[in-house]
Amino acid sequence: MLLEVRDLHVEFHTRDGVARAVNGVSYAVEAGETLAVLGESGSGKSVTAQAVMGILDMPPGRITAGEVLFEGRDLLKLKEEERRKVRGAEMAMIFQDALSSLNPVLTVGDQLGEMFTVHRGMSRKDARAKAVELMDRVRIPAARERVRQYPHQFSGGMRQRIMIAMAMALEPKLIIADEPTTALDVTVQAQVMELLAELQREFRMGLILITHDLGVVADVADKIAVMYAGRIVESAPVHDIYKAPAHPYTRGLLDSIPRLDQKGRELYAIKGLPPNLTRIPPGCAFHPRCPMAQEVCRTDVPPLYDVTESDAERGSACHFWRECLHG
Ligand code: SF4
Ligand code: MG
């Protein structure tokens, strides 16, 4: 297994009290596989990813339990210096906002080239050639000229391609993309997502795709983990989820995707808001918003039930997963 997160817990100390951002998350990604992690903001999906990348464990955030096994090694036990070597070379991250992730006063060529001068000890000239090659690879037109331009001279979509090029530069085994297309308009979104999926296949990388939008993952993900209030509430192969969700929250997310064949139909929205993480509701954290909630949901935390019906492993943290799946 390339990456295995086991029973991860992360807390934040806030003025309101302890925010329990991640409460026992486990997931795994193989080489060449894409895992989509889905949920509204505040579900813990980004925080989990930051813990995996090792860019989180400093105040106010704290990893209180769990393991992050990368090719069998627990990254949480590494010294910061060893950790830094893993970051960039073996795993890289792509963020939503390319403009704030790129350095505004360096040309794109210098930033891409730096990956090779710093990490690979290349000469500036060779590094520049590599930068052009990467820009070609992510299909930025006129790479040879544009390599001299600054981030603000590129469109949002092109900037996100540059971010992908940066992440890919050292040919990492794992890429974590956190809402990589959220800031882009719909057509550009699809192009960037397609590029990412294509590179992922070509290099057989593991990809964790974090998104709040179930609509963008159908074509690219192999499996999905749905998060709510710091837990995984459903995990399944992607087509199983689209066929029939086994958790009311997933059903709500599916029903709120706009569909071409149902134009004019009023779009469903899950009522209410995700909970404040300093005061997660008892029992099933989703119960105040759940249309299927019963008395037991207010008191008993649902474990991740094994709901496997075919070969692929599948889990749902709902007491009434059968009713949801078959209802
Ligand atoms: Fe809804 Fe109860 Fe299932 Fe939670 S356990 S999702 S409240 S039915
Ligand atoms: Mg986020």
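Helices (H or I, at least four residues) and strands (E, at least two) are taken here as DSSP runs, numbered from the N terminus. The model is predicted, so to speak of local features a pLDDT of at least 70 is needed, side-chain atom pairs count only at pLDDT 80 or more, and totals for chains, interfaces and linings use all residues. Residues are numbered from 1 along each chain as its sequence is written, while chains are lettered from A and ligands numbered from 1 in the order in which they are written.

Begin by selecting Val 188, which lies in helix H8 (residues 186-203). With 17 C-beta neighbours inside 10 Å, Val 188 counts as partly exposed, given that a residue is buried if 20 or more other C-beta atoms lie within 10 Å of its own, exposed if 12 or fewer, and partly exposed in between, with C-beta atoms placed from the backbone. Leaving aside residues up to four places away in sequence, Val 188 touches Gly 156 and Gly 157, contact being defined as C-beta atoms, placed from the backbone, within 7 Å. Gln 160 is 28 residues from Val 188 in sequence, and their C-alpha atoms are 9.9 Å apart.

Next, select the open sheet of 8 strands, whose order is S6-S7-S8-S3-S9-S10-S12-S11, with mixed pairing; two strands pair if DSSP finds at least two bridges between them. Strand S6 (91-94) and strand S11 (305-306) stand at the edges with a single partner strand each, so one side of each has no neighbour in the sheet. Helix H7 (residues 156-168) packs on this sheet, touching S6 and strand S7 (174-178), and its direction makes about 170° with that of S6; axes are lines fitted to C-alpha atoms, for helices over the stretch in contact, and angles run from 0 to 180 degrees between N-to-C directions. Within the sheet, strand S10 (residues 231-237) and strand S12 (residues 315-316) run antiparallel and are joined by 2 bridges, and the partner of Ser 235 in S12 is Gly 315.

Among the buried residues are Val 47, Ala 51 and Met 53, and just after H1 comes Gly 54, with a positive phi of about 75°.

Finally, select ligand 1, which 13 residues surround, the closest being Cys 284, His 287, Cys 290, Cys 297 and Cys 318; a residue is near a molecule if its C-beta atom, placed from the backbone, lies within 6 Å of it.

How values were computed: Contact = placed C-beta atoms within 7 Å.
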